Amino acid sequence: MTEKMQETATKTTNLLVAGVGGQGVITATHLLSQVALAEGYDVKQNDVVGMSQRGGSVVSHLRFGQEVASPLVSAGAADLLLSFEMLEALRYMHWLRPGGLLIYNLLRINPSTVAAGFAEYPGDVRERIEASWERTLPVDGNALAQQAGNPKTANVVLLGAVSVHLTFSEEAWLSVIEENVPPKTVEANHRAFALGRQAGKA
Amino acid sequence: MREILTGNEAIARGAWEAGVRLASAYPGTPSTEILENLALYEDVYSEWAPNEKVAFEVGLGAAFAGARTLVAMKHVGVNVAADPLMTAAYTGVEGGLVLISADEPGQHSSQNEQDNRHYARFAKIPLLEPSDSQEAKDLVRSALELSEEYDTPVMLRTTTRLSHSKSVVELGERPPECDNPLTSIPRNTPKYTMLPGYSRIRHPLVEERVARLRSRADELGFNRLELRSRGLGIVASGVLYQHVREAFPEASVLKLGLTYPVGARLAQELREYVDRLYVVEELDPFIEEQLRLLGIEIDGGEHVLPRVGEFDAGLIARRLSADGAPGADALLATAPPTPVEGLPQRPPALCPGCSHRGIFTVLSKLRVFVSGDIGCYTLGALPPFEAMHSCIAMGAGIGMAHGMAKVVQPGQKLREKVVAVIGDSTFFHSGLTPLLNVAWNRSDAVIILLDNRTTAMTGGQQHPGTGSTLMGHETPNVDLPGLVRALGIERVTEVDAYDLAEVESTLRKELETAGPGVIITKGPCVLEYKVSAAPMTVDLEACDACKRCLKAGCIALTYEEEGQSAYVRIDEAQCNGCGVCAQLCNFGAIVETARTEA
């Protein structure tokens, strides 16, 4: 399971990060790109921003390698999909290339359509994910964040799980986290990252 | 020093490095962050203008006075600024003027996906298109230099995927001589005063300028011919160039940085070198038509690629290889797996606590025709409200409501009466003149000004009603009811946006009264002003599971069924405590958290 998703140093690695507006998808992807940059890669990231309302489906593209051209990951070409929410994992699953790895947070957030009673959240969402993709890694990001001592560190837990499948050094991760989170939360975030790494090796 | 910047951040950096003295814009996705970032440099004067026309005119004035100037707007903003733009093309400038047009193929947050490259041809001004953040930074300087050398405004066009993509940029510095003071305004009446007699003299110069630019287009350093395989040649610009490099790594490529006017020399060279020549561009065949007019034979362009939406490398690889183009990346050329079907949509929704929620709950109940406008509140068109029935352009809602009210006699039928809704920032942008028209030409349309004290949808930018400027200076705050009265509206009522009974009774009264009336609903944006109260909770004993509260369309509420029992649950983490849902409940089942704990 810990086979790295980066096959070679020269090939461009494609990551897609999905979630719900307000969850911090773009910030998490920004941390990823900072680590890639610190490790000497060419990096391109793309987020669709501009609608500030909460609750919409959000997706962020990240590509790194020796020289990256397009900022977009094409559908069917992602090496790794990280989803902060289960329904969004299902929604963006087709972005993965054959053999790609799906890491998803065991969290359910109702879309407004479900909250208002117009649609139903699939009750068997986790089973459907597991049945329709071969390489999956569920992580209970929110529970591990609690364990780390700060419920807001769920994103860093998930990045910890992702980090196991990339070749970046742990030092680079830890220092980028330190530079980008509020000073008071550095310890909790480092604990969250370590818990995520354990979960990522499962 | 190297940094990873978005296209917009790079444009701001480029403007600072190139000695821009003044920048003006109206916020609009995907252009907003350009000015937000420029405002961080104290040596550039940056401001939000009330709309794009004003922003362009402010920029043009500064350019006439000799300053290097940047104005920025989203694609539809250029429609608003088009009037001065067309004539500024005749006058030219003293200091360089670059107009950033941020287009939105795919319209992630826009009412259309018009291709603004046509504006460059329409105005006959040069058009530059960067393909990554480094080029975005560099081309701002080039645009200003070109503007000064050719005596013309220059358009620099980005798309969402350029503006919001991050890539690595080498940073430079701002030369100190950029800030030498300007002490006078150059006077040249025949050049800058467009009376017909003077303007007729300018027009031939515009035509001559385009011809000169076209003849030198391939010598200016913006266009690059990359010769690789002879099997396939592709012409592309902007972010499409990057997609093309991924989709067909071995193809020969003519990368255009200057897309109006397009030159003939490099295109002809590529044509002679390759067997098959394609033009890859989103939206309209803008480059392709220019090349065809220059006599370049194109094997595939607009007939092979979609004319709508945005592209990625996969789409280009599949479409061109299906047409017989050789050498596509194998993975990208494979049809991607199909998405999982039947999943519930996750559209954006009004935030918990949003001050628009109560208004749209009432509008939905009264079932009046709502002539809408551009802002977060356009989401009022979606379920459960379905309380917006038209939305066209910034400020259009009031004028349209007036037109409707002039031709329909609703009698007593509430359903056929017309209400216009418009946010405060949109009202300042272009709602004043149509409201003046309502007051002047008298119609029965009811106008609701949703006053949340910010430009909310683009992330909370200052406007004339916020009491502050982009650069953080305090400034007088427009008296909104006083302004409305000054336009000639006699009945102006201010209501608390969260008081449903007050909103409904005021609206009913206005709908029954002849002549124009304006209701101002007051409630600051909860995101921008960080407004929140203790979360509400549902008293499960009292809840009848009637779902009436769900009409508030709030993502903090969920309808739950467990065996025989059904109820509504409130997610405390999301609830903002605004109390709109509690006012909808007939059973008093939604209560403040503190009360149940007591």
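Chain B is divided into four stretches, namely domain 1 (2-218), domain 2 (223-333), domain 3 (357-522) and domain 4 (536-597). The model is a predicted one, and the distances and angles given below are computed from it. Between domain 2 of chain B and domain 4 of chain B, the C-alpha centres are 56 Å apart.

We begin with the sheets of chain B. An open sheet of seven strands runs in the order 3-2-4-5-7-6-12 (chain B), and its pairing is mixed. Its edges are formed by strand 3 (45-48) and strand 12 (258-260) of chain B, each of which pairs on one side only. Further in, strand 2 (residues 22-25) of chain B and strand 4 (residues 69-74) of chain B run parallel and are joined by four bridges, with S24(B) standing opposite V71(B) of strand 4. Against this sheet packs helix 6 (residues 133-150) of chain B, which touches strand 5 (97-103), strand 6 (127-128) and strand 7 (154-159) of chain B and whose direction makes about 160° with that of strand 7 of chain B.

The other sheet to consider is an open one of four strands, with the order 9-11-10-13 (chain B) and again mixed pairing. Because strand 9 (224-226) and strand 13 (276-280) of chain B stand at its edges with a single partner strand each, one side of each is left without a neighbour in the sheet. On average, and with direction ignored, neighbouring strands of this sheet are turned by 15° against each other. The pairing of strand 9 of chain B with strand 11 (residues 251-256) of chain B is antiparallel and extends over three bridges, and here L225(B) stands opposite L254(B) of strand 11. Helix 10 (residues 238-247) of chain B packs on the sheet through strand 10 (229-237), strand 11 and strand 13 of chain B, its direction making about 155° with that of strand 10 of chain B. Helix 11 (residues 265-273) of chain B, for its part, lies across strand 9, strand 10, strand 11 and strand 13 of chain B and runs at about 170° to strand 11 of chain B.

Two packed helices are described by the angle between their axes and the distance between the axes. For helix 4 (residues 75-91) of chain B and helix 9 (residues 196-216) of chain B, the axes come within 8 Å and cross at roughly 80°, which means that helix 4 of chain B is roughly perpendicular to helix 9 of chain B. Helix 4 of chain B contributes A89(B), Y90(B) and T91(B) to this contact, and helix 9 of chain B contributes S199(B), R202(B), H203(B) and V206(B); by class, the residues of the contact are three nonpolar, three polar and one charged.

In the other pair, the axes of helix 15 (residues 357-366) of chain B and helix 20 (residues 500-512) of chain B come within 9 Å and cross at roughly 50°, so that helix 15 of chain B is oblique to helix 20 of chain B. The crossing of these two helices is right-handed. G358(B), I359(B), T361(B), V362(B) and L366(B) of helix 15 of chain B meet L500(B), V503(B), E504(B) and L507(B) of helix 20 of chain B, and the residues of this contact divide into six nonpolar, two polar and one charged.

Some backbone details lie in the loops of chain B. The peptide bond joining Y260(B) and P261(B) is cis, with omega about -10°, and P261(B) is placed in the loop between strand 12 and helix 11 of chain B. Another cis peptide bond leads from P383(B) to P384(B), with omega near 0°; P384(B) belongs to the loop between strand 14 (369-371) and helix 16 (396-407) of chain B. L283(B), although not a glycine, has a positive phi of about 65°, and its place is in the loop between strand 13 and helix 12 (286-293) of chain B.

Finally, we turn to the interface, where 46 residues of chain A are in contact with 54 residues of chain B. On the side of chain A that touches chain B, helix 1 (25-38), strand 2 (42-47), helix 2 (86-92) and helix 3 (112-115) of chain A each supply at least two residues, and the largest share, six residues, comes from strand 2 of chain A. By class, this side of chain A has 21 nonpolar, 18 polar and seven charged residues. Strand 2 of chain A also pairs with strand 8 (residues 165-170) of chain B, in the antiparallel sense and over two bridges, and there N46(A) has S165(B) as its bridge partner.

Note on methods: Residues numbered from 1 in each chain as written. Chains lettered and ligands numbered in written order. Predicted model: local features only at pLDDT ≥ 70, side-chain atom pairs only at ≥ 80, totals over all residues. Contact = placed C-beta atoms within 7 Å. Nonpolar A, V, L, I, M, F, W, Y, C, P; charged D, E, K, R; others polar. Pairing = 2+ DSSP bridges. Domains from an automatic or database assignment. Axes fitted to C-alpha atoms, helices over the stretch in contact; angles between N-to-C directions. Parallel < 35°, antiparallel > 145°, perpendicular 65-115°, else oblique. Left-handed = near helix turned anticlockwise from the far one by under 90°.
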